[in-house]
Amino acid sequence: MDYIDPHIHMVSRTTDDYETLAKMGCVALSEPAFWAGFDRGSAESFRDYFRQLTEFEPKRAAQFGIQHFTWLCINAKEAENVSLSREVIAMIPEFLAAPNVLGIGEIGLNKNTRNESIIFLEHLDLAVKHSQQILIHTPHLEDKYQGTRMILDMLCGDSRIERHRVLVDHVEEHTVRPVLEAGFWAGMTLYPVTKCTPQRAADIIEMYGPERLMANSAGDWGPSKPTAVPDLILELRRRGHSESLIRRVVYDNPLEFFRQSRQFAFTPRSG
Ligand SMILES: [Zn+2]
């Protein structure tokens, strides 16, 4: 089955991974900007990273027939450095016209600090002013519930935000309901450690239905499985779900969400 991975960090994966994804049915993916595993030293370092995301990765993906899209920001872990964050935010508009940019992301909170909130709000303002879609990272483990609440409060406190153009990622059983009820899209991250397993994601789909729900692998530097979305497809088939329901979660929904971005130009596979 053709599928789309809406959240995967290909800069941290090999070219062999692109080949494997293509063989598993991946036709498009989106790569949010994230932490490099270490704090970057300057705004220029982000400029290089944004060039990698907008120039190099799309070419690497295209070799295997995969369309590569991306999101730009400074991540929450580095938002503690407010002056660096502001320099990066000021530079982002230079890249917004690149053909594979879908919006601002993954912004959010990590340890739910005051500086993280300040920079989150400044990213929201940037997105609104440039009419960009938004992709949001919610914190992990013990910080998740509180962080998700704080994020939803900030989003809902800004009447300029169009909720159907915001994806809140890494939802779990205890955070998916408020995200969907407020009118946002929700992403489940399938991860071998922490986050959601394919079984738990299948349970969530059964409980809440497929509307505004998608699944991703978040493949990154840590232990993660870039082919986790096909694992969910298999789990849903094992449970007897229809091909149309599965396709909605792993293909139709990401397409419907991405299509709201002015720049999203997707060519479905022919035949
Ligand atoms: Zn991520």
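Begin by selecting H170, which counts as buried because it has 26 C-beta neighbours inside 10 Å; a residue is called buried if 20 or more other C-beta atoms lie within 10 Å of its own, exposed if 12 or fewer, and partly exposed in between, with C-beta atoms placed from the backbone. H170 is found in the loop between strand 6 (166-169) and helix 6 (176-181), and H170 has a positive phi of about 60° although it is not a glycine. Helices (H or I, at least four residues) and strands (E, at least two) are DSSP runs, numbered from the N terminus.

The model on screen is predicted, so local features are taken only where pLDDT is at least 70 and side-chain atom pairs only at pLDDT 80 or more, while totals for chains, interfaces and linings use all residues. Residues are numbered from 1 along each chain as its sequence is written.

Next, show the 8 strands, which form an open sheet in the order 1-2-3-4-5-6-7-8 with parallel pairing; two strands pair if DSSP finds at least two bridges between them. Strand 1 (3-5) and strand 8 (213-216) stand at the edges, and each has a single partner strand, so one side of each is left without a neighbour in the sheet. Neighbouring strands are turned by 25° against each other on average, direction ignored, where axes are lines fitted to C-alpha atoms, for helices over the stretch in contact, and angles run from 0 to 180 degrees between N-to-C directions.

**Strand 5 and its partners**

Now select residues 133-137, which make up strand 5: 5 of its 5 residues are buried, so strand 5 is largely enclosed by the rest of the structure. Q133, L135 and H137 lie on one side and I134 and I136 on the other, and both faces are covered. Strand 4 and strand 5 pair in the parallel sense over 4 bridges, with G103 opposite Q133. Towards strand 6, strand 5 is again joined by 4 bridges in a parallel run, and there I136 stands opposite V168.

Within strand 4 (residues 101-108), which holds E106, look at the peptide bond from G105 to E106, which is cis, with omega near -10°. In the loop between strand 4 and helix 4 (114-129), pick out N112, a residue other than glycine whose phi is positive, near 60°.

**Helix 3**

Moving to helix 3 (residues 82-91), select its buried residues L84, S85, V88 and I89. Seen down the axis of helix 3, these fall within an arc of 135°, so they line one face of the helix; the arc is that of the directions from the helix axis to the C-beta atoms. The face turned away from the buried side carries the exposed residues S83 and A90.

**The nonpolar core**

Finally, turn to the largest nonpolar core, which has 76 residues, those with the most contacts inside it being V168, L190, A201, A215, L232 and V250. Such a core is a set of buried Ala, Val, Leu, Ile, Met, Phe, Trp, Tyr and Cys residues joined through C-beta atoms within 7 Å. The largest share of this core, 6 residues, comes from helix 9. Around L190, leaving aside neighbours within four places in sequence, the contacts include C196, A201, A215 and L232, two residues being in contact if their C-beta atoms, placed from the backbone, lie within 7 Å.
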